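Thanks, everyone. Please bring up the structure, and I'll walk you through a few places in it.

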Amino acid sequence: ASRDAACKENARARVGGLHGREVDPCGDGPQGSGMTERTDAKRAGLAQLGVVVSLGISQLIGYGSSLYLPAILAAPIAAEEGWPAVWVMAGLSVGMLVAGVVSARVGVLIQRHGGRPVMACSAVLIALGLLVMAAAPSVPVYLAGWTVMGFGMGGGLYDASFATLGAAYGSAARVAITRLTLIGGFASTISWPANMALVELLGWRWTCVAWAVLNLAVALPLYLVMLPRRNFEAGSEPAGRASVVVHPPVGTRSMLILLGVLLTVVALISGIVSVHFVRLLGGMGVDLASAVALGTLIGPAQVGARIIDMLLGTRHHPIWTMLVALATVALGMILLGAGVGWPALALLSYGAGNGLISIAKGTLPLALFGPTGYAVLMGRLAVSALIAQAIAPAAGTMFADAFGANTLVHTLAVMGLADVALGGALYVMIRRGRRRLVAAPTLASGG
């Protein structure tokens, strides 16, 4: 009886953690244990792929209906409603600020209950916020819609997705995270032209309604049907509040702080570029239509860089992914600020770096601090990064108004170089052995 129980527990860890299915756990059939293990592994791999694809589709919808919305809708909203442009752009800042405030709690909830209920709620909240925005008769109601949507963004974008995968698959989540970013990398490529077409066809209010319908009709069912029902750690960690409290090993606090600062700086850069890329390119003399067309290069560049990283597999430590990412982001801003006559090259470099950062911010904490308590750690790291993204749109607007778009690009280049230096410092910490490069014995424990 004890053998059967142990075998079933092992099977749940491999497959049941995906969808609650049980298999022949010990391979006592005529084909032997080897065939059973191969069957289990294949089934687990297919189930994980289904989860990744479902999350990827939902990320396309989530980003297209939130973070990438103002880049195209801000001008029509300000023009049609007569609302100040700064307040229109402030909507995204409000949403990101709320997302930053709730992200730590989101990590705890995912660690306790898994990502399925959290991300399902996020789809509903994003849809509700979009509907409030669509019906907004005034700026305060419009901002209220972004406030509601901020709760959904905190529980439904990359940080929550990575936390979900980490909680579900433990150390094996690295491959799943990379695959997810391959799909999510097309968010800007798809959403910017789609938003432009929808605004021209339906107007900005019905564009918001269309995205709300997609969240409810596509993202929500995918979350409910496809996401894991239990976490990888659920059967091995003690129940209760203590199982989700993060206690970093001695000597790693400085590394954790440095990683948080590094991610915050790059989030500020990407937050400004994602919202103001049209204006930044306009400073180089690029018209609106051409700027939007050039902006679609970012998505393929992200995906291309992620494919290369995936092909390299797990043979390199994620710190190298992070260092290359930071360097290419900085190079993109330098090329843009230098006035090089090929803005496409600058955007391709930036896009490649931004794509790798999405991988590194999920895989580097997993490699440095281990899978235990990973969802909580991701939630905490997301706080400052999301707040940085919250202030990015308004800060970028005010800075460009005061000093010009070209000066803003130069400032972003300096920030990029500073982030490369921070990445180098983190690498030195790792090389000096201030902690092991694999999971620590305990990261989340009750005592």
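Start with N354. You will find N354 in helix α15, which covers residues 343–369. Keep in mind that this is a predicted model. Is N354 buried or exposed? Its relative accessible area is 12%, so N354 counts as buried; the cut-off for buried is under 20%.

What does N354 touch, once its neighbours within four places in sequence are set aside? The contacts are S270, Q302, R306 and V329. Look also at G185. Between G185 and N354 there are 169 residues of sequence separation, yet their C-alpha atoms sit 9.3 Å apart.

Stay on α15 and go to K361. K361 makes a salt bridge with D159, and the closest N and O atoms are 3.7 Å apart. D159 belongs to helix α7, residues 158–169, while K361 is in α15, so this pair ties together parts that are 202 residues apart in sequence. Both partners, K361 and D159, are buried.

How many salt bridges does a search of the whole structure find? Two. The other pair to look at is E81 with R205, whose side chains meet at 3.2 Å, N to O. E81 sits in helix α3, residues 70–81, and R205 in helix α10, residues 204–226, so here the link joins parts 124 residues apart in sequence.

Take α11, residues 253–282. It has 30 residues, and at 1.5 Å a residue it should span 44 Å; the end C-alpha atoms are 42 Å apart, which agrees. Where does α11 bend? At H276, by about 80°. Of its 30 residues, 22 are buried, so α11 is largely enclosed by the rest of the structure.

Next, α14, residues 318–337. Its 20 residues should span 28 Å at 1.5 Å each, and the ends, C-alpha to C-alpha, are 29 Å apart, so that agrees as well. Here 14 of the 20 residues are buried, so α14 is also largely enclosed by the rest of the structure. After α14 comes G339, with a positive phi near 75°.

Last stop, the core. The largest nonpolar core holds 124 residues. Which helix gives the largest share of this core? That is α11, with 16 residues. Within the core, Y142 and L165 have the most contacts. Zoom in on Y142. Leaving out residues up to four places away in sequence, Y142 touches I77, W83, W87, V88, G91, M133 and A136.

To recap: N354 is buried in α15. K361 and D159 form a salt bridge, as do E81 and R205. Over to you for questions.

Conventions: Residues are numbered from 1 along each chain as its sequence is written. This is a predicted model: local features need pLDDT of at least 70, side-chain atom pairs count only at pLDDT 80 or more; totals for chains, interfaces and linings use all residues. Side-chain values use heavy atoms; hydrogens and water are left out. Helices (H or I, at least four residues) and strands (E, at least two) are DSSP runs, numbered from the N terminus. The expected span of a helix is 1.5 Å times one less than its number of residues. The bend at a residue is the angle between axes fitted to the seven residues ending there and the seven starting there. Buried means under 20% relative accessible area, exposed over 50%, partly exposed in between (1.4 Å probe, protein chains only). Contact means heavy atoms within 4.5 Å. A salt bridge is a side-chain nitrogen of Lys or Arg within 4 Å of a carboxyl oxygen of Asp or Glu. A nonpolar core is a set of buried Ala, Val, Leu, Ile, Met, Phe, Trp, Tyr and Cys residues joined through side-chain atoms within 4.5 Å.
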